[in-house]
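Please walk through the structure shown here, starting from the contacts between chains and ending inside single chains.

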Number of protein chains: 4
Amino acid sequence: MKIAMLGSGFIARFYATSLHAQRRTDKIVSVYSRNIDNAERFAQEYALPHFTDQMEEAIQNPEVEVVIISLPNDQHEPAVMACARAKKHVICTKPLGRTAAEAKRMLDAVEKAGIFGGYLEDLCYTPKFLKSLESINNGDIGRVLWAKSRETHPGPHSDWFWDIEKSGGGAMIDLGCHCVEISRNFIGKNVRPLEVMCWADTQVHPIDAEDHAIGLVKYANGAIGQFEVSWAFRGGMDLRDEVMGTEGTIWINSFLRTGFEMFTSGKGGGYVAEKAEVDKGWLFPVGDEAHELGYPNMFTDMFTSIEEKKDPLETFYDGYIVNAILDAAYKSAKTKLWEPVVLEVWRGDDTDIYDKGIKSYDKDHYLIKEELLPNGDTKLILKHKVTGKVTQTTNTPREK
Amino acid sequence: MKIAMLGSGFIARFYATSLHAQRRTDKIVSVYSRNIDNAERFAQEYALPHFTDQMEEAIQNPEVEVVIISLPNDQHEPAVMACARAKKHVICTKPLGRTAAEAKRMLDAVEKAGIFGGYLEDLCYTPKFLKSLESINNGDIGRVLWAKSRETHPGPHSDWFWDIEKSGGGAMIDLGCHCVEISRNFIGKNVRPLEVMCWADTQVHPIDAEDHAIGLVKYANGAIGQFEVSWAFRGGMDLRDEVMGTEGTIWINSFLRTGFEMFTSGKGGGYVAEKAEVDKGWLFPVGDEAHELGYPNMFTDMFTSIEEKKDPLETFYDGYIVNAILDAAYKSAKTKLWEPVVLEVWRGDDTDIYDKGIKSYDKDHYLIKEELLPNGDTKLILKHKVTGKVTQTTNTPREK
Amino acid sequence: MKIAMLGSGFIARFYATSLHAQRRTDKIVSVYSRNIDNAERFAQEYALPHFTDQMEEAIQNPEVEVVIISLPNDQHEPAVMACARAKKHVICTKPLGRTAAEAKRMLDAVEKAGIFGGYLEDLCYTPKFLKSLESINNGDIGRVLWAKSRETHPGPHSDWFWDIEKSGGGAMIDLGCHCVEISRNFIGKNVRPLEVMCWADTQVHPIDAEDHAIGLVKYANGAIGQFEVSWAFRGGMDLRDEVMGTEGTIWINSFLRTGFEMFTSGKGGGYVAEKAEVDKGWLFPVGDEAHELGYPNMFTDMFTSIEEKKDPLETFYDGYIVNAILDAAYKSAKTKLWEPVVLEVWRGDDTDIYDKGIKSYDKDHYLIKEELLPNGDTKLILKHKVTGKVTQTTNTPREK
Amino acid sequence: MKIAMLGSGFIARFYATSLHAQRRTDKIVSVYSRNIDNAERFAQEYALPHFTDQMEEAIQNPEVEVVIISLPNDQHEPAVMACARAKKHVICTKPLGRTAAEAKRMLDAVEKAGIFGGYLEDLCYTPKFLKSLESINNGDIGRVLWAKSRETHPGPHSDWFWDIEKSGGGAMIDLGCHCVEISRNFIGKNVRPLEVMCWADTQVHPIDAEDHAIGLVKYANGAIGQFEVSWAFRGGMDLRDEVMGTEGTIWINSFLRTGFEMFTSGKGGGYVAEKAEVDKGWLFPVGDEAHELGYPNMFTDMFTSIEEKKDPLETFYDGYIVNAILDAAYKSAKTKLWEPVVLEVWRGDDTDIYDKGIKSYDKDHYLIKEELLPNGDTKLILKHKVTGKVTQTTNTPREK
């Protein structure tokens with residue numbers, strides 16, 4: 001497909017590098033930046049035929065089939081509106097909006113215009129994430145009880161991120177959007193998020209936004225989602241997910257411990273790894289950062305979905321749900337209460353009746369625990385269904 | 001020293017095995033169990049000269065210098081009271097009480113009787129914990145911002161643990177007491193815990209108590225403590241701590257990943273590891289469980305402190321603080337509010353004024369972030385002290 | 001580019017899946033298998049326009065620009081010869097030949113025909129390998145002293161691999177070819193491999209070939225290469241490299257420990273991972289196997305090199321060197337002697353003079369070791385240049 | 001027991017610290033050092049009642065029941081002879097001798113004198129080692145095929161180690177003695193070591209001894225032992241063992257990756273870890289170094305064995321076998337041949353007939369491999385017992 005890139009900063013470069021790698025068919029044909037010099041430099045670097053400092057010009061370029069928004073958060077809405085007017089498919093970097101209200105207007109605009117609205121939530125496309133989601137859908141870890149996602153690092157590179165007006169928040173809007181959507185996928189996108197409790201604080205930096213936050217999201221089926229985000233972490237970029245199910249566990253480490261370890265005395269002088277904070281001692285590079293962060297899988301899904309006229313894994317609707325959860329989180333951080341997730345649109349299940357799968361041992365007892373002892377006996381801990389009394393019994397197998 | 005052991009169950013065996021290992025000088029001389037057969041069997045197994053089913057008889061045995069309480073939670077208070085009456089030093093397994101009120105009465109009793117009251121919080125004595133505490137006190141990771149401790153496993157072995165009357169709660173009272181005291185040590189025992197937010201639920205088992213809980217503890221210096229506990233985890237026993245400081249990070253894995261990995265087809269038939277859930281495939285044994293869990297260091301501190309008439313690292317007072325934090329957590333899980341930590345006694349700092357260490361860049365600006373770029377330049381992100389405006393600037397070194 | 005695939009087995013499928021993924025431009029247009037049913041099934045599965053059981057027909061198909069050889073080892077030579085006759089570019093799976101003589105004939109044929117001869121050594125294209133090679137070339141770990149590569153698993157899937165006539169050997173020809181070329185890259189392709197010492201044995205299986213081997217390869221600059229291969233390993237597929245340099249260390253784990261850990265009780269029933277041996281307990285899946293094994297990077301390099309008329313990273317010449325080293329290893333396993341690497345063609349450096357970088361401390365002494373003591377002093381261990389006497393001295397800094 | 005310590009250097013301190021920790025009963029009562037100041041300082045530090053610069057005086061001290069030799073390698077023999085004369089039990093640090101001849105004289109001396117001769121091979125007493133040995137003896141990993149042990153670090157602290165006269169060699173005598181005995185335990189102490197192939201070189205340092213060596217030890221049952229040692233490793237102290245058996249695998253990491261990870265910006269200024277090489281960035285401390293290195297378990301076994309008049313796990317005889325294997329290794333490094341292990345005394349099995357456990361599939365075929373396919377079928381790879389022909393067949397279960 002032929003692509004217009006809006007933006008020429010850090011994330012635009014990361015996207016462009018992924019798109020032009022590995023002999024892929026899709027090509028960027030135009031780049032827009034508010035600063036014409038940046039646009040030109042970007043066009044040169046990626047050998048693009050066109051650049052401009054007029055956003056509309058890039059979008060309306062007749063060659064362009066799809067627009068990628070890689071702009072600061074406060075410019076997502078106007079850019080989406082321009083795409084809707086031009087009837088150009090649009091895929092937008094995360095978070096979709098600074099608030100759910102903003103995201104809802106973008107969702108409505110693309111749906112009304114009949115264009116494709118893809119949500120560039122790369123961390124829901126990492127190889128490890130996709131494979132673990134498949135395992136969970138296979139039932140390998142049973143019913144999901146808890147899904148935690150953590151993203152922390154020493155803070156973003158660009159100045160606008162630190163300005164609450166432009167970004168819409170701090171570490172939570174920047175990193176929490178990833179974590180919330182990761183947990184939501186693991187728990188099930190059809191399961192309604194009910195309410196959020198969040199602690200957030202500005203522990204280190206002289207900024208108005210939070211640089212550290214921890215939140216809990218309660219889902220209709222009793223599962224709990226959790227996010228941990230920080231701009232004050234020391235040691236690199238820490239990207240980890242943990243899922244606990246009734247039949248198993250999944251632990252994913254996407255960045256700092258991926259089976260690549262290196263010690264250097266620092267005498268070589270090479271630039272070793274991004275956000276690594278140090279350039280000597282033990283370092284933990286990632287083999288292929290873009291792939292490990294999900295970019296190739298994400299763009300493949302987006303462009304193939306456009307061609308096949310189907311929904312991608314992550315849509316503007318998903319972006320809207322994420323913003324609604326984060327809105328509740330921001331409110332909770334202020335009110336110190338569990339705040340409901342307010343959803344003007346909800347397309348998932350509406351039930352709150354879920355089977356816990358409590359096991360009866362016999363007609364009078366529930367089974368609390370069954371344990372194989374080293375001597376071959378089985379220990380049973382039971383609860384009487386009426387009296388509630390807990391008892392313990394041991395079964396010896398007839399022949400061992 | 002000469003010891004009376006109260007209790008003959010799982011934890012009493014673990015203690016006794018540690019005490020009688022490695023040519024240590026201290027010896028158990030009497031064991032009490034409500035069930036005389038269990039007492040006799042225990043005495044035989046550890047070659048003890050005396051056993052009884054009368055608690056007072058064990059405590060008042062004239063040979064006995066110190067009493068170890070390894071009884072179910074609801075029997076801690078009467079046992080401590082009996083030690084106080086007999087003026088025998090006492091060390092008690094965790095949690096000290098089922099509630100802060102219970103713990104407070106025990107604290108008062110030992111202090112009034114002038115006897116030693118040691119709190120057997122083994123996980124604050126693990127080799128990794130002690131070494132990391134030393135590093136934190138050296139300033140190696142700067143000011144602690146967040147201290148998380150996690151303990152999860154598939155549920156306890158003994159029936160009484162599953163009975164809320166006897167245990168005083170579920171996973172939170174059982175495992176959360178460890179986590180709370182670990183975080184408190186990392187953040188600083190002198191820093192007052194202010195309030196607690198806790199989510200708790202019974203997700204899997206047919207019991208009245210919670211089998212999964214997550215809590216946040218806010219401290220007076222702005223640091224946040226976190227605990228994650230569960231009786232529904234699959235995969236063994238997961239014991240991990242994570243500390244984030246302004247100058248560094250500490251990650252401790254005390255059980256499931258300690259540098260010992262084993263694959264077995266299961267054809268050997270050996271009993272491989274406790275709580276491992278499976279006996280074939282990849283297993284992760286611990287070299288020396290007792291040592292990794294802190295028992296030898298804990299008993300060394302306790303007996304040496306008694307002899308040297310000084311406080312051990314973990315006292316009845318600490319046990320009381322832990323119970324007070326857990327009381328707030330249990331209340332919060334019901335009210336869904338941040339609940340204050342109610343402390344009748346507080347022996348730490350009373351200030352709530354702590355320096356955040358915000359750095360000025362020049363007289364007009366704060367420094368948000370300083371970043372070394374790959375080309376050798378330094379990028380500075382600054383905030384104006386009056387207007388709050390965020391700006392970015394790049395410094396090129398004169399000569400590189 | 002337009003591709004003919006020779007072969008329809010395990011490795012052909014792996015290649016085809018990689019080639020047709022991620023919206024890549026290159027396409028397979030014909031498949032050959034000796035068994036017409038297999039050819040047809042393969043063509044259907046990958047939606048290919050053409051299939052045949054006549055090798056020449058696939059190669060000479062006028063649409064075909066490049067041929068991929070994914071055949072058993074004994075069929076590489078005739079297939080290459082057919083490509084040379086048809087003047088079609090050819091890329092061939094590893095090992096190039098069963099012996100150096102075979103490989104040499106293939107090398108000569110492609111060079112004489114003026115066609116491209118790419119060697120599909122995927123493990124020299126993994127993301128971790130490429131990044132570590134870049135670090136080594138930057139000098140981050142100094143002079144390479146030792147480069148070990150290890151590949152072990154429970155044995156190949158296809159029957160022909162177990163037949164020494166068809167495969168040319170056992171675990172060493174199958175897996176050792178990877179390891180030898182990995183070490184050679186780390187040490188430097190220009191450095192001449194001198195001689196090989198190899199132990200090989202058939203420890204477990206009722207076969208004629210070795211199922212376990214360990215070898216050392218001495219290089220002209222004093223570096224040592226090492227390979228460890230086995231078809232008797234239990235626990236999955238173990239792919240690890242270790243490099244030791246004068247200024248650093250690199251450890252790569254490409255398969256069994258890549259930051260993805262999963263526990264399952266096995267009740268879900270899903271098929272979890274290839275070669276994992278077990279389907280419950282702790283499992284260690286790989287996110288994207290093909291990418292982690294280097295296929296996408298490898299094909300990108302091959303096709304781009306063809307288009308740009310340059311050598312790929314791995315050529316038929318490299319395949320020939322690898323075969324020559326393995327020939328020496330097989331000989332050594334029999335003679336129990338260090339066997340010279342016999343190279344009819346050598347295109348690298350011919351020197352055996354390399355600087356060890358021994359440091360003088362002063363005009364009379366060499367520096368053996370410099371060590372910073374905890375008290376801030378520096379301890380020096382020196383050797384007298386003439387007498388050889390080792391002495392120790394401590395320097396205290398003027399002001400600390 | 002009452003102990004005389006010979007030596008006051010690095011290893012003597014490590015031993016003394018372990019002995020006087022954890023309320024152990026055994027006490028050092030005298031210390032000898034050639035340098036009286038060192039002896040006095042040591043005595044003060046460990047609160048010892050006696051010190052001397054006369055070795056005989058320490059040994060013959062009537063209070064002394066057992067002597068610990070912590071002297072440079074060249075002084076082991078005279079010290080053992082003095083103990084034999086004084087009829088004092090003796091335990092000696094590793095390696096026992098510089099050569100097998102030396103070790104044999106020491107072995108003969110203690111046996112003739114009727115005293116206890118314990119070999120302080122601490123790494124055969126680490127918690128992980130003891131537990132894995134137990135698993136192997138249980139049959140959990142089947143028949144051991146390969147046992148590798150690796151010890152590398154940036155070189156020893158003391159000057160005498162670098163002097164080949166005093167130490168008897170380089171990295172191989174220093175570190176290889178550990179590795180050889182570890183492998184021998186895993187393979188079975190009763191299995192005769194037959195011959196050794198060794199590569200050794202001085203790759204980095206201006207010394208006469210080797211600073212890097214790799215060796216293979218062939219055992220009578222077909223198992224292969226392997227050691228990798230270096231004084232040129234960068235990144236700390238790397239202690240790892242790997243065992244491959246027909247039914248399983250064991251991987252032990254005893255030092256650099258034990259579940260304790262720490263990042264520090266270095267602003268704290270604390271001294272973090274021994275041999276860590278760096279004091280900022282990612283560090284990997286060990287919780288309790290002495291315990292992780294086996295000291296407490298080792299001394300417990302030694303003193304308990306003396307009291308119970310039984311052999312400890314590691315005796316002078318074991319030390320002698322290790323020296324004999326290392327003698328062969330040193331010879332092989334020079335001759336470049338597999339050198340036989342010359343044993344004047346051998347107390348293990350004398351057979352070389354061992355069952356490989358080759359499995360028949362039916363009366364005509366051996367089973368090469370059985371593999372469960374994803375579709376539930378079982379694939380069998382068979383070899384004809386007479387013709388040697390390899391065939392493949394697939395079994396579909398009746399009902400799945």
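How many salt bridges are counted between chain A and chain B? The count is 12, where a salt bridge is a side-chain nitrogen of Lys or Arg within 4 Å of a carboxyl oxygen of Asp or Glu. One salt bridge joins the side chains of K148(A) and E228(B), at 3.6 Å from N to O.

The model is predicted, so local features need pLDDT of at least 70 and side-chain atom pairs count only at pLDDT 80 or more, while totals for chains, interfaces and linings use all residues. Residues are numbered from 1 along each chain as its sequence is written, chains are lettered from A and ligands numbered from 1 in the order in which they are written, and side-chain values use heavy atoms, with hydrogens and water left out.

In the contact between chains A and B, 66 residues of chain A meet 66 residues of chain B; contact means heavy atoms within 4.5 Å. About 5600 Å² is buried between these two chains, and carbon and sulfur atoms give 57% of that area. Buried area is the accessible area (1.4 Å probe) that two parts lose on being put together, summed over both.

Chains C and D also form an interface. Chain D contributes 66 residues to the contact and chain C contributes 67. The area buried between chain D and chain C is about 5600 Å², with 57% of it on carbon and sulfur atoms. Between chain D and chain C the count is 12 salt bridges. R150(C) and E242(D) form a salt bridge through their side chains, at 3.9 Å from N to O.

Within chain A, six strands make an open sheet with parallel pairing, in the order β3-β2-β1-β4-β5-β6. Helices (H or I, at least four residues) and strands (E, at least two) are DSSP runs, numbered from the N terminus, and two strands pair if DSSP finds at least two bridges between them. At the edges of this sheet stand β3 (51-52) and β6 (117-120) of chain A, each pairing on one side only. Strand β5 (residues 89-93) of chain A runs parallel to β6(A) and is joined to it by four bridges; I91(A) has G118(A) as its bridge partner in β6(A).

Strand β7 (residues 144-152) of chain A holds S149(A). Is S149(A) buried or exposed? S149(A) counts as buried because its relative accessibility is 1%; buried means under 20% relative accessible area, exposed over 50%, and partly exposed in between (1.4 Å probe, protein chains only). Leaving aside residues up to four places away in sequence, S149(A) touches residues including C179(A), I182(A), F227(A) and R240(A).

Chain C has an open sheet of three strands, β16-β17-β18, with antiparallel pairing. β16 (365-372) and β18 (390-395) of chain C each have a single partner strand, so one side of each is left without a neighbour in the sheet. Six bridges link β17 (residues 378-384) of chain C with β18(C), and these two strands run antiparallel. K379(C) has T394(C) as its bridge partner in β18(C).

In chain D, helix α6 (residues 127-137) is mostly covered, with eight of its 11 residues buried. Among them are F129(D), L133(D) and I136(D). G139(D), which follows α6(D), has a positive phi near 90°.
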